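Please open the structure in your viewer and keep the selection panel at hand. The stops below go from one selection to the next.

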Amino acid sequence: MSTATFRIWRGTAQAGKFEDYSTDVSEGMVVLDAVHQIQAQQANDLAVRWNCKAGKCGSCSAEVNGHPRLMCMTRLNQLNLAEPVTIEPMRSFPPVRDLVTDVSWNFQAKLSIKPFKPRPPDAADGTWRMAQADVERVQEFRKCIECFLCQDVCHVLREHRLYDRFVGPRHLVYAAALEMHPLDVEHRARELKTSDGIGFCNITKCCTNVCPEGITITDNAIIPLKERVIDEIYDPIVKLFRIFRS
Amino acid sequence: MPEHETFDHDVLVIGAGGAGLRAAIEASAAGVSVGLVCKSLLGKAHTVMAEGGIAAALANVDDRDNWQVHFADTMRGGQYVNNWRMAELHAKEAPDRVRELEAWGALFDRTADGRILQRNFGGHRYPRLAHVGDRTGLEMIRTLQDRGIYMGIDVHMECTIVRLLKSAGRVSGAFGYDRERGRFKLFRAKAIVLATGGIGRAYKITSNSWEYTGDGHTLAYDAGAELIDMEFVQFHPTGMVWPPSVRGILVTEGVRGEGGVLKNNLGRRFMFDDIPELYRSQTADNEDEGWRYTQGDKTARRPPELLTRDHVSRCIVREIKEGRGSPHGGVFLDISWMAQRLPNAAEHIKKKLPSMYHQFKQLADIDITREPMEVGPTTHYIMGGVRVDADSQMSSVPGLFAAGECAAGINGANRLGGNSLSDLLVFGKRAGEFAAKFAQSRKADPIDSRQVEEAEYWALEPFARGTGGEGPYQVQYALQEMMQDLVGIVRNENEMQRALEGLASLRERAQKVGVGGNREYNPGWHAALDLHNLLTVSAAVTRSAIERRESRGGHFRGDYPDKDVAFGKINIIVRKAQDGRMEVSRAPIPEMPEELEQVIDKMK
């Protein structure tokens with residue numbers, strides 16, 4: 001058994017600072033274990049969100065040594081324990097207390113995406129038929145655990161703070177899952193361009209790099225959506241057709 | 001007097017996992033105003049952890065399946081102390097609930113002809129579990145969550161309810177605090193649905209998250225409702241055992257459904273050594289037949305690894321106790337052996353069990369396509385809970401409903417894998433429907449302000465004692481340790497009597513727990529308040545387990561290792577007596593209608 005130092009952000013909505021805690025570490029421990037140990041032994045009121053502790057719920061997002069990570073899936077043996085390990089809250093969202101941030105904006109932003117609208121059932125018994133290959137393409141996006149690490153790292157939100165004009169990578173993945181759903185017949189291109197602000201994404205792929213589920217956010221979700229927006233809104237033939245029709 | 005904010009809803013749903021969300025959607029569709037309270041953020045509930053699938057007799061993969069077979073499987077798995085009416089409704093309605101999820105956007109894996117694919121699971125005669133790889137729970141919760149948010153349900157996230165309020169013998173509201181700011185909230189409601197999940201955090205080794213502190217069980221009990229079957233706790237046979245920090249995390253039964261085998265340190269498939277009489281005719285007697293079953297051969301019988309969870313757990317405990325365990329105190333679960341049978345085994349495993357592959361790779365440095373896993377039993381689920389009317393899900397307190405894990409009846413002495421997700425859907429819907437009807441039939445009752453004041457005073461006590469009091473986590477750990485040791489997989493009268501003494505002294509310690517800091521997002525304070533729930537459900541489990549002097553399903557008595565016909569005719573009930581004591585009694589199981597008896601006989 002050895003010990004390591006964890007430099008943890010302690011603070012409120014108004015102010016805060018890093019505090020050092022040293023605690024025992026043992027084989028197989030993850031960052032969240034260290035935080036829990038400190039919470040139980042030294043700082044009962046250390047605020048942290050968590051649930052499943054197995055990388056499936058996306059609650060324990062934080063910045064570990066400056067990298068957006070799930071604390072439950074970050075093993076201590078991947079970190080240099082000779083130096084203090086810094087743990088701070090996601091910086092793109094308003095702080096609540098310690099490692100907890102106010103992520104409620106994300107739940108609002110989702111509502112700007114039009115909901116699922118299926119085509120009429122294929123069979124008389126009210127069910128549909130879909131090929132596994134078509135389902136798989138969308139299943140990648142449906143793996144999203146809503147940890148919001150992609151939102152945290154997106155410079156449109158993090159640096160430029162365009163929360164009222166851009167829904168962020170998470171919700172573009174959500175829109176992609178609906179747009180490419182084999183049964184969906186809704187049109188979302190207009191909103192993607194306007195209220196959802198897809199044009200702000202300049203495909204730096206930071207979101208893809210931090211996704212704990214390995215979703216290829218930029219290449220598989222955002223770029224095809226951008227193409228769809230162009231096809232449906234900027235296509236010159238469609239545009240001419242619209243002019244004549246009106 | 002501390003301040004509180006007041007909210008009005010026709011129906012208040014407490015808990016936003018599968019059952020709570022499904023109840024909220026149904027009540028909202030009925031046109032009443034709905035409030036949904038959850039301890040975590042929306043979409044993080046423990047349902048996301050469900051991996052295997054949703055059991056429903058769709059008969060897409062094997063056309064011999066139908067509701068009767070599913071009903072008979074559920075009753076056999078529950079060792080016939082189930083509420084047969086719930087088991088019947090569940091088997092009949094589960095297919096529609098699954099198809100409804102698809103209509104709301106869920107994307108299940110497909111059969112070759114494009115229908116919903118179904119997989120094998122323990123105790124189910126035919127491939128029956130609709131699934132999405134091994135992340136079915138996430139698919140289900142996201143589908144329900146997204147359906148719910150567009151319906152305009154009011155969601156109160158990160159809010160804990162500490163007390164139900166009553167007027168004239170029926171529920172009139174609930175009182176709690178928001179975790180973020182620590183402010184008190186009062187909810188006035190005409191009907192309340194409890195959907196708070198289980199009690200796994202009463203044990204040291206568990207697959208359950210921090211939320212599983214028996215809140216719904218305790219809220220109902222304190223409000224005067226009856227709890228039933230509390231002795232039946234399910235220990236899932238396969239939790240991770242190494243490294244220590246991941247001990248208890250679930251390894252899906254899907255691993256065995258896809259062909260994974262259990263071995264001891266001699267390399268022997270020990271599950272072949274002990275096949276119970278009740279299942280002998282349905283179980284393979286050689287390795288080849290078992291393999292063929294997992295690969296879809298309809299003429300083959302299932303391998304003994306897919307016997308019910310209670311039995312597999314006990315076999316694993318026996319191997320470990322008798323010195324045939326793995327290096328870290330488990331046994332071996334091996335799926336990598338499939339390479340001997342399949343050409344692209346590694347790819348196949350990664351595709352069928354992606355999150356298991358990921359979980360072992362990241363948390364234990366184990367590549368499951370190349371080496372065996374080490375697994376052991378972990379506290380997973382409680383069959384017992386709030387006693388409800390089968391059709392409406394209403395408890396013995398008017399206006400108080402319960403659904404999902406915190407309600408009881410469908411599973412009897414042991415739950416089959418896959419029957420939980422379907423239970424959430426079937427009875428979540430029913431609870432929402434009947435709660436809405438109940439709410440529409442009455443006016444809101446006035447709130448008794450004394451009850452509110454008393455709850456506020458109680459909730460703030462830990463701050464009054466300050467950091468000079470005992471730490472909340474130390475009491476919690478002591479409780480978990482004790483329940484694991486004395487009321488675990490194998491139980492004995494004298495150990496459980498010691499547990500009762502232990503619970504009494506832990507109750508005294510809990511009353512001295514103090515916390516520092518303020519009310520804003522203070523986990524120490526939250527843990528202090530949760531202790532009351534953990535202690536209450538632990539006592540209910542222990543007292544019920546003492547009362548059932550036999551072994552059945554998830555309840556195994558070392559001092560009464562056999563089944564007793566007389567106990568097969570009763571359920572054990574726990575309620576709070578007038579003087580505050582916990583009262584234990586027995587209730588006869590109502591006689592099953594002739595036609596259901598015949599269904600069971602036919603399937604034997």
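How many residues does the contact take from chain B and from chain A? It takes 48 residues from chain B and 47 residues from chain A, where two residues are in contact if their C-beta atoms, placed from the backbone, lie within 7 Å.

This is a predicted model, in which local features need pLDDT of at least 70 and side-chain atom pairs count only at pLDDT 80 or more, while totals for chains, interfaces and linings use all residues. Residues are numbered from 1 along each chain as its sequence is written, with chains lettered from A and ligands numbered from 1 in the order in which they are written.

Select next the side of chain B that touches chain A, to which α4(B) gives the most, with five residues; helices here are DSSP runs of H or I with at least four residues, numbered from the N terminus.

Then select residues 472-486 and 523-547 of chain B, which are helices α13 and α15, whose axes, lines fitted to C-alpha atoms over the stretch in contact, come within 9 Å and cross at roughly 25°. The two helices α13(B) and α15(B) are therefore roughly parallel to each other, a term for angles under 35 degrees. Among the residues that make this contact are L479(B) and M483(B) of α13(B) and L531(B) and L535(B) of α15(B).

Finally, select L194(B), which touches residues including I14(B), F401(B) and C406(B), not counting residues up to four places away in sequence.

Terms used. Axes are lines fitted to C-alpha atoms, for helices over the stretch in contact, and angles run from 0 to 180 degrees between N-to-C directions. Angles under 35 degrees count as roughly parallel, over 145 as roughly antiparallel, 65 to 115 as roughly perpendicular and the rest as oblique.
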